[in-house]
Structures are given as C-alpha cells and as structure tokens.
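Subject: Structure for your review

Dear colleague,

My notes on it follow directly after.

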Amino acid sequence: MSYTLTGRLESRLAALVVPVLAAAAASAALAEWWPLELAGLMAAAGLALDLLYHRPLAYQPGWAAVPLGLLELAATMLLVRRLGVAAPLGWALLFFGLAWLWSQLLAHALLPLWRMSWGEDGGELGWRVAGVAVVALALPFAAAGGVYRHNLPPLVRLSAGVHQGPLVIDRRERLVGAPGAVVRGGIVVRHRDVTVSHVRVEGGTYGIEVLGVRNVTLDHVDVAGVELDGIHARHSSVHVRHCAIDLRGSPEAQGIDISYGLNQGMSDVERCTVVGGRDGIVVHGSMAMFAHNRVEATRMTGISMVEMSMGEVAHNTVSGARGIGILCGDRSMCEIAHNRVDGTVRDDAGGNRMRAGIGVEVEFWSEAELHRNALTENPQHLGVFLNGTVDWR
Amino acid sequence: MPGRAAIVGGGLCGFVAYLTLRRAGIDDVTVFAAPWAAGGRPDPGPGAGSAAGASSHADPAASFRRRAAAIRQTHMRSESDGHCLPTSFPGLAVRDARTRRSLRPLVESVADRYHPTVETFLEQVEEQRRASGWAPVAARIRTIRPVEGGFELAWLEAPADVPPAPGREGRRLRRQGHGTFAHVLVATGHPGLFVPEELRDDARVVHAYEPHDYPASVCVVGAGLAAATEWRNARAAGSSVASVRRREPLRRPLNVPRPYLSRRGLARFHRLADDERAAALRELLAPSIPPGREWDPPEAEPHVNGADQVVCATGFLRGIEHDPLLSRLAAEHDLHVVDGRLVLAPDATVPALTDGARSLALAGVAAQWAYPAADTLMGARWVAHAFARRCRTR
C-alpha cells in the first residue's frame with residue numbers, strides 16, 4: 001500500500017473511532033479515566049508517527065504493520081509513563097493489541113470492501129468520511145472533558161497576604177493560593193479529593209496535616225518554620241508535587257512523613273526539596289513512590305522507607321545527610337534506582353555501626369533492589385544489617 | 001433514450017469494468033466482444049483454449065489463456081489483488097488459503113511473496129463469469145461517433161447460428177447494428193503481436209505467444225518477463241539457449257514501481273508535461289523481470305544465425321495506429337496523440353470527447369497515458385473504478 005499523507009491520516013482517524021468509543025465505554029463502566037486517556041495517547045502517538053514515517057515509506061508492505069505497530073506501542077507506553085496515566089500494563093497492552101488488530105482488519109479487508117478505490121486513492125476516504133471520524137473521535141473526549149469539569153471540586157482562591165490558621169478543609173475543594181498567599185499555623189485536610197496548591201505555610205506543629213483521607217494533592221506548596229513535620233499524612237494517600245520544605249531551625253522536624261496509609265492506596269512525592277530537619281522524606285507502613293526529589297542536610301536519614309512499606313525510590317538526590325542517606329528498613333521492600341547520594345556524614349560516635357555515614361542502608365529483614373545508584377563521598381556506600389537482603393538488577 | 005454504459009472489448013479489462021459497474025449498481029451495461037481477430041499478426045486461433053462451455057468471445061480470459069499456455073506460464077506476476085473483482089479484497093491469497101486450508105498464502109501475501117498460479121486465477125475468472133451474468137454481444141465495433149448526450153456505436157454482428165469466420169466470407173455473413181450510449185469504455189486490448197521487422201520473413205521465427213516447442217538450440221529475443229519465461233522453458237526442455245536483447249532488463253517485482261499503482265505516485269506523474277510524461281512512460285514501461293536468480297538471462301554467447309528456432313518475446317504492437325478503432329477516432333476528431341498514445345485525462349477519459357453528460361474512456365494498454373500499469377489487472381480495476389464513478393455521478 002502506498003499511502004498519501006492525507007490517506008494515511010484519514011485511514012488512521014477512521015481506524016481510531018471504534019477503539020476510542022470502546023475506551024469511552026470502558027471509562028464510563030469502570031468510572032476510571034485511564035481507558036480514555038490511553039486511547040487518546042494511542043491516537044496522538046499514531047498520528048504523530050504517521051507524519052514522521054510518511055516520507056520514508058513510499059510503499060508500505062503488509063508485514064511492516066508489525067514493526068510499526070511495535071514502534072507505536074513503545075511511543076504510547078512512553079507517553080503513558082511520562083504523563084502518569086494509571087493504566088494497568090496488562091490491560092493497556094490488551095487494548096493496544098485489539099486496536100491494532102482492528103486497524104489491520106480495517107485496512108486489509110473492510111475499507112477495501114467498503115470503498116472500491118480505497119487502495120488506489122492512497123488510503124484517502126474523502127473529507128466527509130474524515131469529518132465524521134473526527135466528530136466521532138472528538139465527541140467522547142469532549143464529553144469526558146465536560147464530565148471532568150463538572151466533577152471538579154469547587155475552587156477556593158486564597159488571596160495574597162497572611163491568613164491565620166489552622167485552616168481546616170473538611171469538604172471536596174481546590175484551594176489555590178494567589179501569589180504571596182501565606183497560611184500561618186498550618187492547614188488540616190479532613191476530606192478526600194482535596195487539592196492545595198500555590199500556598200506557603202509558616203509555623204505550627206505540622207505544616208500541612210492530612211488525616212484519614214485519600215486522593216489529596218499538594219502541588220507547589222512551601223512549608224517553613226514548623227515544629228514537627230512539614231507534611232504529615234496519617235492513614236491517607238497523598239500526591240505531593242513541586243513542594244519546598246525548609247526545616248532549617250527545626251532540628252526535630254521531618255520534611256514529609258507518610259504513615260500507615262496501606263489501605264488508602266499509593267502515595268507519591270515528586271520534585272520536592274527538603275532542607276534540614278531530622279528526616280527528609282519518611283514512609284511508615286505505606287506504599288509510596290519518591291522520585292526526582294532533593295534532600296539536603298538532614299540529621300537522621302535523607303529518605304527512609306520503613307515498617308513494612310513498599311515502594312520505589314528513584315532519581316532522587318540526597319546530599320550531606322548525617323548517618324544514613326537512603327534507608328530501607330523494618331521488613332520493607334524497596335526498589336532503589338538511579339539515585340545520587342553524596343557527602344553522607346558519620347554519626348557513629350556512640351559505636352552504632354548502622355549510622356556510620358552509609359549511602360544506602362538495608363536492614364532488619366528488608367529487601368532492596370538496587371540499580372544504577374551513584375554513591376559518592378560517603379564513608380560507607382552500602383550497609384546491610386540484621387538480615388537485610390540486596391539484589392542488584 | 002441512450003443506454004447507460006457500453007464496454008467495447010470482451011477481454012479481461014472489459015470483464016473487470018463490467019463487474020465493477022455491476023457492483024456500483026449500474027445494470028444497464030452492454031458489452032461488445034469481437035468474435036474474430038483484427039488486423040496485424042493476430043493472436044492464434046480464435047476459440048482455441050477457451051473455457052469449457054464458453055465460446056471465444058464469451059470467455060474474457062481467452063486471449064490471456066492462450067498466451068499463458070504458449071509461454072507455459074505457471075504463476076502470475078501480479079500478487080493477491082491481481083484478479084478481476086472490483087475490490088482488492090478478498091484477494092486470491094484468501095481464496096487459496098481457503099481452498100488449501102493453509103495460512104501460507106496469507107503469510108506470503110503479507111510479505112509480498114505471494115503470486116497466484118495461472119490456474120487459480122483462471123478458475124476465479126470462470127467462477128465470476130458464470131456468476132455475473134456476463135453475456136457480451138458478439139460484435140466488432142467499427143465506429144464511435146459523439147452525439148448529443150452520448151456516443152453512437154456502429155458494429156458488425158455475427159449471427160448466433162453462424163460460426164464466426166474471418167475474411168471476406170465472414171464479413172458477408174455479418175449484419176450491421178448501431179446504438180447510443182451515454183458512457184463508453186474502450187478496452188480493445190493489444191492490437192497484435194510484435195515481431196522485429198528484420199525477423200518477419202525468417203521461417204525459424206515464432207512469437208512467444210504463439211504455440212511452439214523447443215528444438216536443440218533456441219535464441220530468445222527480448223528482455224521482459226515473457227523472454228525470461230522462455231529462457232527457463234527452453235533450458236528446462238534441454239535446449240541450448242541464447243538471449244538477444246537491446247538492454248539489460250530492470251529488476252522489479254511488478255511491472256511498474258509500486259507507488260505508481262496509487263494516487264501517491266500518480267499525482268506526480270499526472271503533473272508532468274506531455275513530453276516529460278512520454279519520457280517517463282518509456283522509462284517506466286521498459287522491460288523488467290522480477291528479482292531472483294531463476295530469472296537470470298542465459299550466459300551463452302548471443303547469436304541468431306546459428307539457432308534452430310528464434311523465439312520473439314517482443315511483446316505487442318505499440319501505438320494507436322495499430323488499433324483501427326482508436327486510430328479512426330483520433331483522426332476523425334483530431335485527438336491529441338503523443339508518442340503513439342492518446343492523451344487522456346487522469347481518469348482515463350478522452351478530454352475532447354468527454355463532458356458533463358457523457359464519457360469516453362480507454363482501458364488496457366491504451367490507457368497508459370493516465371495509468372502506467374493500465375495493461376495489468378490493477379490497471380484494469382483502476383480504470384473501471386474511475387469509469388464507474390463517472391457513470392454513477394453523471
């Protein structure tokens with residue numbers, strides 16, 4: 001088949017209609033966004049690649065559908081991963097595979113049967129058919145956008161200036177601070193589906209406290225001058241992004257503490273900076289992913305995953321921690337990859353070998369999988385104690 | 001009231017057009033198939049080798065069948081979609097997979113390695129012939145005259161109870177007829193076999209498409225697929241084989257590069273000026289053979305004089321001057337001819353004789369100006385689709 005560019009795009013649009021409608025139906029049935037998000041990314045990847053390989057492929061033999069399909073699958077899954085679409089891998093592969101089979105059936109049998117000259121026209125279907133396909137594709141996404149907007153929690157804007165806390169949020173809400181908005185005395189979140197963004201919190205026992213709820217997002221929050229934890233999540237799942245926590249002057253404080261949230265699902269902390277305090281980012285008895293964070297000058301550990309926690313610590317930078325850089329302890333299971341730990345300082349003056357300035361420490365029946373961590377200028381790069389086990393990928 | 005559509009020619013191109021028009025919902029179609037040969041060095045023996053139960057003019061594959069038998073062709077050069085149906089799917093690979101209960105034809109087709117057997121192709125043609133109600137009028141069109149809203153065709157018809165015969169005696173028995181049609185497709189096929197002038201009087205010469213056997217030494221003249229088939233045949237028969245050719249054959253799987261089979265390559269081709277297009281056609285239609293060692297020319301010293309037999313695999317007469325109907329049409333209406341080809345619109349219609357109400361289109365080798373591979377089954381289908389569009393919308 002020798003596609004024209006128009007033919008390639010129009011045939012692609014026609015082939016996408018059924019998978020996108022199926023994905024929309026699946027999204028509605030499951031009350032989940034990922035099927036539609038996955039279909040959208042598959043469409044975007046396919047259309048973009050069509051533009052890319054139109055010129056080199058003056059003729060596309062039938063067998064080329066296999067390598068091109070694999071290329072499109074890789075591009076789609078890369079986008080899924082990059083954009084954090086929560087599509088289960090197995091279902092995503094099944095969906096892609098079925099969509100690919102449908103497109104092959106369409107290209108080799110149904111379109112040639114339906115339009116006698118489809119092949120001779122280089123895959124062109126005409127503006128009417130293409131228009132119908134575009135409308136059919138746009139409708140589910142437009143409907144999904146409407147549903148999303150309709151379901152968004154109410155928006156509360158926090159004006160610039162200092163607001164006396166503690167601020168208690170006990171309903172679905174998006175609290176968005178104007179530039180210069182400061183809450184003094186902390187924020188307490190007691191309801192699910194709450195987002196707090198662009199707010200600076202100063203003082204208080206905890207900066208932001210999340211208690212017994214799930215699906216709480218903290219985005220672009222700054223915390224400083226607290227007594228104990230910058231962000232304190234108990235029996236909750238939180239998504240923390242782009243936060244900055246300054247614990248200098250709070251020697252007993254922890255940057256982010258997520259504890260006992262196993263039954264609330266996965267928490268994650270991404271692109272946050274924690275400076276000073278006792279521990280940087282800590283998880284107890286929860287599932288969590290910490291990625292692309294920066295932790296500096298802590299007094300106990302930089303990042304720790306303990307008390308039967310499970311999760312991933314990846315692409316973080318831990319500098320100048322006293323005692324331990326990254327800790328996986330107390331029967332936890334940790335995947336520790338692509339982190340940089342440097343300048344860890346010894347804290348074993350009392351004879352505690354487990355605090356001898358160790359870059360990565362695995363202890364007490366914990367299992368850690370290590371992969372490509374850069375451990376430099378640490379008195380001891382790796383420490384394994386009390387039946388901890390390490391596996392190198 | 002003129003008839004809706006007429007197809008002049010009962011060969012494979014005419015058959016493809018007929019099936020396409022029927023599929024497009026156009027039932028008012030008259031097909032004219034000449035029951036006797038025209039001038040030139042004719043294809044051998046009308047009626048020879050026709051499908052069982054079909055007279056020569058009623059068998060759309062009669063000419064192809066004879067030529068394939070003459071060169072002992074076993075496989076088609078075309079692929080799965082080289083058939084007479086109006087849609088490329090289901091192709092012959094699907095049919096083969098079904099009858100052989102094997103996925104192999106489909107896998108080969110996906111890899112562009114499937115070439116149906118001549119037998120498979122002919123079986124399908126026969127099935128379609130029987131199923132489609134194909135019943136051409138046994139008549140030779142003598143003139144095509146444009147009239148208001150269509151074309152008047154004048155023909156010589158052989159009575160059904162009189163066996164067709166060439167020459168003066170045959171003509172005496174034929175009766176004249178005429179009719180008017182809004183849309184006419186001329187698919188008269190190749191005008192005759194070509195033999196180089198210097199070999200015409202040589203008693204040892206046989207054209208590749210004429211029945212022949214192989215003596216001890218054979219010289220094959222030509223460089224296309226028919227020549228390559230003859231090299232193989234003669235070698236297999238134990239003859240010593242020499243090849244005489246003016247140029248080395250191009251190596252490509254199909255007659256023309258694949259992009260020229262669809263709009264992608266044709267759009268650029270149609271933008272060429274007349275002289276550029278004529279040059280492009282000479283280049284595109286140069287003799288070619290598929291890749292593969294089995295098609296390699298013989299290495300024996302080329303010679304003609306010492307050979308017991310000279311096989312001219314030199315194809316067909318080229319140019320509309322060899323086609324009485326087209327040459328008369330061109331002369332009467334002063335049609336634009338370049339390099340022996342009628343200049344056509346991209347949809348294979350004759351621009352000077354086509355307007356909003358009527359169409360005169362060419363198919364087969366005469367349509368190469370619009371579609372370089374027009375003399376293939378893909379080309380027949382392409383012209384038929386364009387013709388059906390005109391019949392449906394005008």
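Predicted model: local features only at pLDDT ≥ 70, side-chain atom pairs only at ≥ 80, totals over all residues.

Helices H1 and H2 of chain A

Helix H1 of chain A covers residues 5-30, and helix H2 of chain A covers residues 34-53. The axes of these two helices come within 7 Å and cross at roughly 170°. Because of that crossing angle, which is over 145°, H1(A) counts as roughly antiparallel to H2(A). On the side of H1(A), the residues in contact include Arg8(A), Leu9(A), Arg12(A), Leu16(A), Pro19(A) and Val20(A). On the side of H2(A), Pro35(A), Leu36(A), Leu38(A), Ala39(A) and Asp50(A) are among them. By class, the contact between H1(A) and H2(A) is made of 14 nonpolar, two polar and three charged residues.

H1(A) itself has 26 residues, and the distance from its first C-alpha to its last is 36 Å, close to the 38 Å expected at 1.5 Å a residue. Just after H1(A), Ala31(A) has a positive phi of about 55°.

The sheet of 10 strands in chain A

Chain A contains an open sheet of 10 strands with parallel pairing, in the order E3-E6-E8-E10-E13-E16-E19-E22-E25-E28. Its edges are strand E3 (167-169) and strand E28 (380-385) of chain A, each of which pairs on one side only. From one strand to the next, the twist averages 10°. Within this order, E10 stands next to E13. Five bridges connect strand E10 (residues 229-234) of chain A with strand E13 (residues 254-259) of chain A in the parallel sense. In this pair, His232(A) lies opposite Asp257(A) of E13(A).

Pairings of strand E9 in chain A

Strand E9 (residues 216-224) of chain A runs parallel to strand E7 (residues 194-202) of chain A, and eight bridges join the two. Here Val199(A) is opposite Val221(A) in E9(A). E9(A) is also joined by four bridges to strand E11 (residues 238-241) of chain A, again in parallel; Leu218(A) is opposite Val240(A) in E11(A). Three bridges link E9(A) to strand E12 (residues 244-247) of chain A, which runs parallel to it. In that pairing, Val223(A) faces Ile245(A) of E12(A).

The sheet of four strands in chain B

In chain B, an open sheet of four strands with parallel pairing has the order E6-E11-E7-E8. Strand E6 (205-207) and strand E8 (240-244) of chain B are the edge strands, each pairing on one side only. Neighbouring strands of this sheet are turned by 25° against each other on average, direction ignored. Strand E7 (residues 217-221) and strand E11 (residues 309-312) of chain B run parallel and are joined by four bridges. Val220(B) has Val311(B) in E11(B) as its bridge partner.

Contact between the chains

How many residues does the contact take from chain A and from chain B? The contact takes 19 residues from chain A and 19 residues from chain B. The side of chain A that touches chain B consists of nine nonpolar, seven polar and three charged residues.

With kind regards

Notes: Residues numbered from 1 in each chain as written. Chains lettered and ligands numbered in written order. Pairing = 2+ DSSP bridges. Axes fitted to C-alpha atoms, helices over the stretch in contact; angles between N-to-C directions. Contact = placed C-beta atoms within 7 Å. Nonpolar A, V, L, I, M, F, W, Y, C, P; charged D, E, K, R; others polar. Parallel < 35°, antiparallel > 145°, perpendicular 65-115°, else oblique. Expected span 1.5 Å × (residues − 1).
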